[in-house]
Amino acid sequence: MTQLTDTLANAAPSASDLPAPAYEVRTLGCQMNAHDSERITGLLEEAGYVPAVDRDPDLVVFNTCAVRENADNKLYGQLGQLAPAKKRNERMQIAVGGCLAQKDRSTIVDKAPWVDVVFGTHNIGSLPVLLERARHNHQAEVEILESLETFPSTLPTKREQTYAGWVSISVGCNNTCTFCIVPQLRGKEKDRRPGDILAEVQALVDSGAVEVTLLGQNVNSYGVEFGDRGAFAKLLRACGEIEGLERVRFTSPHPAAFTDDVIDAMAETPNVMPQLHMPLQSGSDQILKDMRRSYRSKKFLGILDRVREQIPNAAITTDIIVGFPGETEEDFQATMDVVEASEFSSAFTFQYSIRPGTPAGEMANQVPHHIVQERFERLTALQDRISARLNQQLVGSTVEVLISAHQGRKSESTHRLSGRSQDQRLVHFSVPDGAEAPRPGDFVTVPVTAAAAYHLLADPQDASEYSLRRSRGGDAWEAAQAESCGTGSSGKPGAVGLGMPTLRTN
């Protein structure tokens, strides 16, 4: 009997003999989702999971968006692709979180019964427990809370990059835009205390970050909850006092609440970058009214004028929705006129799609798709021309570029590296023969030699036109690579080791 027991024990591996489960996080959404995914990775690694490097994942977590219809299609398409893998690996689990999970709830399991866990925007911290519960009970666990369980920034976080990071200053939104479902899914705005925000920024800088982006659904309403309408401008100025923090950005403001004290703070705080994302949505005052955007085109253009008066080199980007219900040709032309006058460096343009549960989704005067498509193409063509012209004006100037760990698709063939200028333009540049290659997180100063609509090219003729500034951000990146057994930089142009990402954004 003892011999049989020993034989069985030797034949069947125990749970302790199995390798640690490997995870992959797929982010479908905005910067807020991407930052939440950093918290998800932190939670998973604290619970004993490891990144899926050179092996198939035992856990795939989807962190979803619900703003546009294609987010649904992306999720369910990818869930369908994972079904065969789930059958092959009995250890595998699939979890769905984020805004779409908050909206669809158990519908996700109805459509994809092989999903193990569904969790919402308010209970990210419950994910490890829900995974264990689903594993133990052999059934899907769906847990959606209606209010915030804990402020997300208190959760463990594994940053996607060491040299740059996002910091949430608030979650939720108090606006009632008729096309948007975010307030229903993320709740009313909750503001963090300034001291907590600045402590997180300082901790990021202490760990090597040289750039920080402040995040909120509406950053310039920050402080209203605790009675200080000037809190956001004060926060920007306070970030300017943090030694070692070289670049500060923020997203997104709302034109209705954007105030001159914020413009003053941007202009007077050296490390706040000359870049502003200001969502327009529509140039038609009637459509803005129907959207409940609570500003009109004149006010919007006035904000841009005041920004450019104080920050002449500011690059301003925007969001625009084409084909909102009831949009006439005259309404669309008003948008074209505002875009022409605004001279955006780039624009994120979207075709309106019905989101169930929003007032706009119930409007009767939906615009036919073929009309929306035709207007969309006219708008993007106009913006492409504007972007190309503005970029062309930069040829001959020099730009300081913060090197990115994520290189362009053509970097291997072009031998160029990539990064972002101070005004957030994408720059592809080459390293002259004999010059030292930068690391992600380092800075280079290079001449702009050519331009396209959505990027700049910088090809220095020789080392005299190329300046490398190694930074704490590059040191932090190199240390992280060494810790994860990365190869680091080889010192050759185009040969920067980028490591193995554990967070995938679609």
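Student: Does Phe300 count as buried or exposed?
Tutor: The model is predicted: local features need pLDDT of at least 70, side-chain atom pairs count only at pLDDT 80 or more, and totals for chains, interfaces and linings use all residues. Residues are numbered from 1 along each chain as its sequence is written, and side-chain values use heavy atoms, without hydrogens and water. Buried means under 20% relative accessible area, exposed over 50%, and partly exposed in between (1.4 Å probe, protein chains only). Because the relative accessibility of Phe300 is 0%, Phe300 counts as buried.

Student: In which helix does Phe300 lie?
Tutor: Helices are DSSP runs of H or I with at least four residues, strands are runs of E with at least two, and both are numbered from the N terminus. The run that spans residues 297–310 is H12. Phe300 lies in helix H12.

Student: How far apart in space are Phe300 and Pro255?
Tutor: Contact means heavy atoms within 4.5 Å. Leaving out residues up to four places away in sequence, Phe300 touches Pro255, Met278, Pro279, Leu280, Tyr295, Thr318, Val338, Ser342 and Phe344. Phe300 and Pro255 are 45 residues apart in sequence, and their C-alpha to C-alpha distance is 6.3 Å.

Student: How are H10 and H12 oriented, roughly parallel or roughly antiparallel?
Tutor: Axes are lines fitted to C-alpha atoms, for helices over the stretch in contact, and angles between N-to-C directions run from 0 to 180 degrees. The axes of H10 (residues 260–268) and H12 come within 9 Å and cross at roughly 25 degrees. Angles under 35 degrees count as roughly parallel, over 145 as roughly antiparallel, 65 to 115 as roughly perpendicular and the rest as oblique. H10 and H12 are therefore roughly parallel.

Student: How many charged residues are in the contact of H10 with H12?
Tutor: H10 contributes Asp260, Ile263, Asp264 and Ala267, and H12 contributes Ile303, Arg306, Val307 and Gln310. Asp, Glu, Lys and Arg count as charged; Ala, Val, Leu, Ile, Met, Phe, Trp, Tyr, Cys and Pro as nonpolar; and the others, Gly among them, as polar. By class, the contact of H10 with H12 has four nonpolar residues, one polar, and a charged count of three.

Student: At about what angle do H13 and H14 pack?
Tutor: In H13 (residues 329–342), Glu329, Phe332, Gln333, Met336, Val339 and Glu340 meet Arg375, Arg378, Leu379, Leu382, Gln383 and Ile386 of H14. By class, this contact has six nonpolar, two polar and four charged residues. H13 and H14 are therefore roughly parallel to each other. Their axes are 10 Å apart, and the angle is about 10 degrees.

Student: Which residue of S18 stands opposite Val401?
Tutor: S15 (residues 398–403) and S18 (residues 443–447) pair in the antiparallel sense over five bridges. S15 is also joined to S16 (residues 416–420) by two bridges, again antiparallel, with Leu402 opposite Arg420. In S18, the residue opposite Val401 is Val444.

Student: What is the relative accessible area of Ile40?
Tutor: Ile40 has its place in H2. Leaving aside neighbours within four places in sequence, Ile40 is in contact with Val25, Val61, Asn63, Phe119, Ile124 and Leu127. Ile40 and Leu127 are 87 residues apart in sequence and 7.9 Å apart in space, C-alpha to C-alpha. Ile40 is buried because its relative accessible area is 0%.

Conventions
Two strands pair if DSSP finds at least two bridges between them.
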